[in-house]
Each structure stands twice: as structure tokens, then as C-alpha cells.
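Hi,

Here is the structure I promised to pass on to you. Have a look at it first, and then read my notes below.

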Amino acid sequence: MKLTRAEQLTHTGANLQVRFSRVILSSEGYSTVTLFKEFVLPRLVQWVVVIVIGVTITFMIPRLSPVNPVDQALGRMTTFQTMNPEATQALRETFLDLYGLEGNIFDQYLNFWRRLLVGDLGPSFTSFPTPVMQIIGNSVGWTIGLLGISTFVSWLLGLILGSLAGYFSNHWWSQLLEKILITVYPIPYYILAFVLLMIFTYYLPLFPLVGGARGTPGFTWEYIGSILYFGFLPALSLIIGAVAFRFIMSKALTTSEKSSDYVQYAELAALPKRKILFSYVTRNTMLPQVTDLALSLGALFEGALITEVVFGYPGLGYTLFNAVNSADYNVIMGITLLSIVGIATASLLVDLSYPLFDPRVRYR
Amino acid sequence: MDAIRDLFRFSPSFRYGAIIVTLVFALVIISFFSPYEPDDRRAVARNEPPSLQFILGTTSQGQDVFWMLTFALRNTLLVAGLAVLIGRGVGVLLGMVSGYIGGTVDRLLSSLVDSVIVIPRLPLLILIASIMRGQMSILTLGLLIGLLDWAIPSKRYRSQVLSLREREFTYTSVFSGMSVFKIVTQAHLPFLIPFLLADIVSGFLFAIGLEVTLSILGLSDLDTQTIGTQIYWGNYYQALLTNRVWVLAAPIGISILVVTGFYLTSVGLSSYLDPRTRLGRLEVKSKVNVPETEPEVTTTDGVTP
């Protein structure tokens, strides 16, 4: 690759700090082993801690609450029909077993873990013998698809728009964009999704009101097209909120990066602005954005839950909503646990991919 | 007073934000003079569109949307206020303990906080709310939201305290024999207060968002008027399909207004309090004030509290 003199110098400036740390690291014997010990291991430990805390909280909540779920379930069942005492007693024992409420609290806790580790979350109460795992399995794919696409699109779009607006901050379009997104950013997900629903399915009926797809599942254009068609509005509502957040952060980072010496030098050397922005400035602002993505996954997931309820999208959020309405505790608990484990794992993966973006590792 | 006037002049976003927030609090105060009780039904004619008599129309249950909205606003802000109080209370305490004590305590607390940050809060809140269904008052809701929102603030306060502890004036006060309590309350607190203000606003936004979400899912106390329950009942009585959009538009509009108002205030506040812009402003001021005051007095403003 041929670089002009000016470009070479700018490159040096942009990576000065990076090179500094590389020198320090390599003098300490920077190797795969240290990478594992200093970087991967603490994150793995953190991941285990998150899951233990999450499982413990999910275990404790129903047991700390003043409401006894067994009595409540019994109450629901005996409201409309009378049962003889023996049947009620048998039912109570069945419920105790189902909820894992037998024995003292320590036994219960161990049992809870034992069942969890083999992937047994118990049966659903409303559609009785169906295991919770199967119900979750039917809906989790929709959520992952929706969340994956909207996270990726919003991250990229926010980063690009934010860099542009931060670098060309004197243009009218950059200021207009900032004003709009700052107004959109604090609006709760539900309100945003609901307004979109009102506009695009009621006043301008362009998109469907509920559902995830039409037709028989399969790898046909028709089916995939309908998935995109049904998923467009839910994804849009997620993307708008997330782009606003990413935009604000990216713009702030770019603005502070813009005053660096290497940028001024590159401008004096009359490099094309597009090259300065995307080859040097944005690449330097990308690192904190990757770490932040890991932290903001949880918030995005919460947004997806709400969005699915609003649009009747058949993912985890919608299943959760139905479970809440029919008081199906096992399903609610299963989804809570799964979301904690899922988000923790996704954050871990994003975090672990950090070295891929970090020049210190890549340069070696 | 001087600072407020400065703030108004300095930041347009604070100006607009402050106007909106004042408006919102005016609505809250008005709610105490409402001609109807909060849960009065059939108090007025049903299904009236907005007019001079009913500014925001009436619902299918014969409630005046405008007065409903004032109650809703009051209760939602109450929930959010309680949540902020608890969340920031725990957060500030943990962050300060962790930052000042350091060592093993700090490492343990930090790894706890880092773990809690990752856990998605909405599913947990839904789990708690669905178990406590029917017994949830708006106060319990505020309490719960507060108990779930302390991890991020505590992390922020910890880093603030860590940087304050290393400043020179801390050493000066340590060497001149001030007690730890005195250093914290007299030397460090003034630095934390502006930061706390901006943080409180973001806590408010989070709590309002969660309140609205939970109510719409039908999980909060549905008999109390809040912005969320107002949307819930609007949906329940099919306001959209029966062409009574005003029933939904009012709470949606006001929630957008409230969050934007709070957010603009906090943006203005934090950019005003940002040390870099602050130094720039002080320089401008000291240049203007050169004949009147000693320049040293103004430039040391950031160091002596």
C-alpha cells in the first residue's frame, strides 16, 4: 500500500498513543497467555458472577413475596368449581412440587440449580404439559432476529451519523439532526413504538397490525419477504431510539477527537475530509463504542420486549406479556432467567471481541 | 441567583427545558384545585372532543381528560421522585464507600456493581410486579424502580470520588489535619452536587419510562391515575378504534413533553457545569472583571470549594 508523506505522518499521529502502549506492552512480554490471564479470565469470572447473582435473585423473589403462589393458583382453580378436601390437598402437593417449594430453602436452592443445569424450567401452567423450554424455544428466534438486526443497524447508523455531525458541526443539517435526535432520545420505547403504530397502521395503513410473518415457514422469497415486511415497523421503532443514543455519544467523542493535533495536521496537509474522518477520527472513536455496546445490550433487549408487545410480534416479549396476563409464573421465571443469561453471554462475546478492534493486539 | 442567570444566558437548551419543567410543575400544582375527585366517573358528558369547556376532551367513562392528566402527572412524578431518591441514595452511598475505602472492599463492590449493570431490569421488574399483582401501590412501584436503579449511578460516583481523592487540595486538607468526615462533606461534596443534579434528572427519565411501561402492561396499580394507566385505560376502552384519539394523545403528548423538558434541562446543566466550558467562561469573566477583582481569586475558583 502506497501512502503519501502527509498520510504517513497523520497515521503516525493518530496511532501515537496506541504505539506507545504497544511498546510498553511488548516490553512486558505481551503474549497470548497474558492476554488470557489479564483480559479473558476476569471477564469469564464476571460472567459467572452475573449468572449466579441473576439466578439467585430470580430464585429469591417469589419466595420473599408476601403472596404464596401455590395458594393463589389453588384459589384460581377452586373459584369456579368445588373440590373435596383430599383432592385439594393432592393438588396442593402437586403445586408445591411444580413450583419447587418442597423442603427447606437451601434444598430448594440446590434443586433449583440442579434443574436449571439440565435445562428443565418446569411445565407451563396455562398450556399445561408443554415444557417452558419449548414455549421459549418457539419465540426466542424472533427476538434474536429482531434484536440482532436492529442493534447492528442502529450501531452503524448512529456511529456514522454521529461522526459526520461531530466533524461537520457547523453545517445546518448537522445541527438539525442533533436537535431532532436529542428530542427523540429521552422518549420511552413504548411511547415511540405506539406512536409509530398509530401512524403507520391506523392513519396510513402501510404495515400490518400484528404478527411476525404470513404463509408457511420455509426458505421461499415469499415467506422471507413477509418476515421483513412484518418486522419492519418493530425494528424501526427500536432503531430510532438506539440511533439517537449512539448518535449523541458518537458526536461527543468525535468533537473531542477533532481537536487532536493529528487531525489539525491532516487538515493542514489538505487530506480529503472524508478520509480524515473515516480513516482516522472514526476509527479512534470506535473503541469506546464497542465496550459501550456490551453495556447497552440490556437496554436494547428491554426495548425489544416492549416493542414486541406493542406490535404483537411473536417473540419473547409477547410471550412474556401473555404469561403475565395468565399468571404463568414458570414461563415468566424462565424468560427472566433466559434473558439474564442471554444478555450476560452476549455482553461477554462483545467484550471478548474487543481485541479484534484494538490495534494493540492486531498490530502484532 | 447569579448562577441561574448565567445558566439561562449560557445554554438555550436549559432555557427551553426550564420553561417546560415549570409548565409541568404548574400542572401538578393545579391538580390540587381540580373540580373533580381523581376517580370520579360520569362527572362530565361522555366522549366529548376537545373544546373550550373541556380543553382536552372527555373519556368514555365521563372523565375530564385535562384534570385526569394533572392527577396522572402528579402521581407519575411522585413514583419517579421516590425511585430517584432511593436509587441515588443507595448509589451515592455505595459509590462513596467503594471509592474512599478502596482495596478489597472496592474490588468486591465494583465487581458486584459491574454484574448488576448487565442484568436486564425490565424482566425482573415484570416478575416482581406479576407476583405482587393487585397489591402494588404507586409507592411500592417507586420503591421497586429505585431498588433496581442504583448500579450505574454508584459506578459513576465511585469514579468521581476516585478522581477527587487524588486532587491536590485533598492532600492539603489531609496534611492540615482535617478529619475524613470534614473533608468529604466540606471539600468534596460541593464538587459532587452539580454532578448529582444532572444524574437525578437521568434517574427521573428512567423511572418515568419504566412506570409508563409497567402500567401499560397492566402491572401497576391500575386504580391510581398515572400517565401509564391513563394510556392503559384508553387502550382498554378502544379509544383508537372508536376515533377518540384525544384520550390517548393527551398522556402520550405530556410524557414526551416531560421527558424532553427534563432531558434538555440536564443537558444544559451538565454542559454548563462541565469543567472545560466552565474554565472558558471564567476566563471570559475574569477578562471583563480585571479592573474590579483580583484575577487570582477567580482563577482559583475551581480549586477552593
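**Where the chains meet**

Chain B gives 32 residues to its contact with chain A, and chain A gives 42 residues. Please keep in mind that this is a predicted model.

On the side of chain B that touches chain A, the elements giving two or more residues are α4, α5 (121-131), α9 (180-216) and α11 (245-273) of chain B. Of these, α5(B) supplies the largest share, with eight residues. By class, that side of chain B has 24 nonpolar, seven polar and one charged residues.

**Two helices in chain B**

Helix α4 (residues 103-118) of chain B also packs against helix α7 (residues 151-165) of chain B, at an angle of about 140 degrees and with the axes 9 Å apart. The two helices α4(B) and α7(B) are therefore oblique to each other, and their crossing is left-handed. From α4(B), Val113(B), Val116(B) and Ile117(B) meet Ala151(B), Ile152(B), Ser154(B) and Lys155(B) of α7(B). Sorted by class, this contact has five nonpolar, one polar and one charged residues.

**The core**

Which residues have the most contacts inside the largest nonpolar core? In this core of 140 residues, they are Tyr190(A), Ala193(A), Leu320(A) and Ile332(A), together with Leu125(B), Ile126(B) and Ala207(B). Leaving aside residues up to four places away in sequence, Ala193(A) touches Ser237(A), Ile306(A), Thr307(A), Val310(A) and Phe311(A).

Happy to go through any of this with you.

Best wishes

Key:
Residues are numbered from 1 along each chain as its sequence is written. Chains are lettered from A and ligands numbered from 1 in the order in which they are written. This is a predicted model: local features need pLDDT of at least 70, side-chain atom pairs count only at pLDDT 80 or more; totals for chains, interfaces and linings use all residues. Axes are lines fitted to C-alpha atoms, for helices over the stretch in contact, and angles run from 0 to 180 degrees between N-to-C directions. Helices (H or I, at least four residues) and strands (E, at least two) are DSSP runs, numbered from the N terminus. Angles under 35 degrees count as roughly parallel, over 145 as roughly antiparallel, 65 to 115 as roughly perpendicular and the rest as oblique. A crossing is left-handed if the near helix is turned anticlockwise from the far one by less than a right angle, and right-handed if clockwise. Two residues are in contact if their C-beta atoms, placed from the backbone, lie within 7 Å. Ala, Val, Leu, Ile, Met, Phe, Trp, Tyr, Cys and Pro count as nonpolar, Asp, Glu, Lys and Arg as charged, and the others, Gly among them, as polar. A nonpolar core is a set of buried Ala, Val, Leu, Ile, Met, Phe, Trp, Tyr and Cys residues joined through C-beta atoms within 7 Å. A residue is buried if 20 or more other C-beta atoms lie within 10 Å of its own, exposed if 12 or fewer, and partly exposed in between; C-beta atoms are placed from the backbone.
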